[in-house]
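Visitor: I am new to this structure. Please show me how to read some of its features.

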Amino acid sequence: MPRTIPGIIKIINESNDMDTIETMENYIGCYYGVLILLIGAIVNFMLHHELKSSVLDSVFMLLLCSCFVITPYLKLKTRIITHWISVLFSVVLIFVTVRIYDYMGPAIWTVAFLNIIISSIRTTRVMLNYVTVSILFVSIYYSLVLSRIPFEYGTEYYATQIFLIAFIVVITPFLHLINRTHYNRVNHMYMTEVKQRVELEKMYHDIAATHAELRLKYDELNEKNKELKRNEEKLYHMAHYDLITELPNRKTIMDRIHELIEESKTKAVYFYMVFIDIDSFKKINDTMGHHVGDLFIKQAADRFKKNIDKEDLIGRIGGDEFALVIQRNLRREEALFYLDRIRMEFIKPFIIGDNKINTSASFGVAAFPADGVNHSELVKNADAAMYKAKELGKNNIQFFTDSMEK
């Protein structure tokens with residue numbers, strides 16, 4: 001709370017908050033009430049002839065004075081404090097009229113005029129309403145009781161009343177203009193704030209709508225990306241895997257051969273390229289139909305997968321041809337034993353529906369790097385070895401030799 005009247009007026013002039021302005025005006029009212037009541041209590045005690053009456057009236061004035069003193073420290077809402085101060089001013093006017101008229105005489109109207117001036121200075125009209133009601137009560141009481149009490153009117157009284165009335169007439173429109181300007185300024189700021197709030201709310205709704213739209217677009221794009229990824233995975237699978245057997249296709253086998261050859265440039269790499277051709281597969285297709293032939297190829301692939309080592313790679317490179325990459329460093333005898341075990345498992349009968357199919361497979365083997373240093377040589381030599389196995393009666397395993405090339 002500012003300690004001086006100029007400090008309070010400075011806050012009122014600089015503030016745009018109506019609650020703060022009303023609080024500062026309440027402080028001014030408290031300062032005015034304390035000063036008037038303190039002086040009134042002292043003068044009343046000095047001028048009264050009856051000691052008891054003067055003491056009681058002065059004590060009551062000091063009690064009212066203490067009410068004004070404690071008012072700024074009350075932890076109440078500003079509007080409640082405004083009503084409280086307005087009631088105190090009305091009580092002061094009524095008390096002066098009823099108890100001290102014998103000593104003040106018609107000068108009570110001076111107090112009333114001062115109350116009107118103080119009330120008119122305020123931004124709100126709460127105090128003016130209370131003072132108006134109290135003056136109406138005082139007027140009725142004066143007309144009924146006090147007008148009969150003889151009192152001499154001096155020149156000073158008339159001069160004071162005329163001055164106060166003229167002051168009220170002059171200051172009222174001036175104060176109205178000041179308050180109106182202040183109100184317009186605060187109202188303009190309020191309307192600007194309301195407009196900004198409406199604009200902010202509109203922006204918020206627009207942003208929310210945009211966010212929802214973006215979210216929808218994001219979900220659609222995300223779904224399309226997932227669909228593209230599924231299509232990409234499907235295309236990749238179609239490009240690298242056989243559709244019937246789900247085994248790696250020729251491209252995947254050739255890519256793996258190329259990778260192993262590239263690794264051999266930095267470290268020692270040994271592997272076998274094995275071509276496997278199913279014997280008499282054309283007869284199965286011709287006698288039982290392509291549907292049974294596809295089912296047979298699928299079962300043949302499952303049997304190959306079941307019997308190869310997990311480190312090796314088996315794939316389908318064409319109609320009834322499969323390719324096996326033995327990616328381990330095995331001796332020729334070990335590779336032969338391994339392939340022969342696969343061959344023996346393969347000649348076991350296949351059951352497809354009501355059909356029992358007995359067949360076999362021919363194996364052609366080319367070793368890296370002994371039988372070729374690039375994938376084209378390995379493929380050619382493994383293929384030559386496989387056809388040699390066919391020539392020798394099928395259902396056997398042949399390793400590539402130079403005589404096959406000749």
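Visitor: Which are the buried residues of H9?

Guide: Keep in mind that this is a predicted model. A residue counts as buried when its relative accessible area is under 20%. In H9 the buried residues are Thr 252, Ile 253, Met 254, Ile 257, Leu 260 and Ile 261.

Visitor: What span should helix H9 have?

Guide: The expected span is 1.5 Å times one less than the number of residues. Helix H9 has 14 residues, 250-263, and so should span 20 Å. Its end C-alpha atoms are 20 Å apart, in agreement with that value.

Visitor: What is found at the start of H9?

Guide: There, a side-chain oxygen of Asn 249 comes to within 3.3 Å of the backbone nitrogen of Lys 251.

Visitor: Which residues does a cis peptide bond join?

Guide: The angle to read is omega, which is about 5° for the bond joining Phe 368 and Pro 369. Pro 369 belongs to the loop between strand S6 (361-368) and helix H13 (375-391).

Visitor: Where is Lys 394 found, and what is its phi?

Guide: Lys 394 is in the loop between H13 and strand S7 (397-399). Its phi is near 70°, a positive value, and the residue is not a glycine. Asn 395 lies in the loop between H13 and S7 too; its phi is positive, about 50°, although Asn 395 is not a glycine.

Note on methods: Residues are numbered from 1 along each chain as its sequence is written. This is a predicted model: local features need pLDDT of at least 70, side-chain atom pairs count only at pLDDT 80 or more; totals for chains, interfaces and linings use all residues. Side-chain values use heavy atoms; hydrogens and water are left out. Helices (H or I, at least four residues) and strands (E, at least two) are DSSP runs, numbered from the N terminus. Buried means under 20% relative accessible area, exposed over 50%, partly exposed in between (1.4 Å probe, protein chains only). A polar contact is a pair of N or O atoms within 3.5 Å; within protein, one must be able to donate a hydrogen and the other to accept it, and residues adjacent in sequence count only if both atoms are side-chain atoms.
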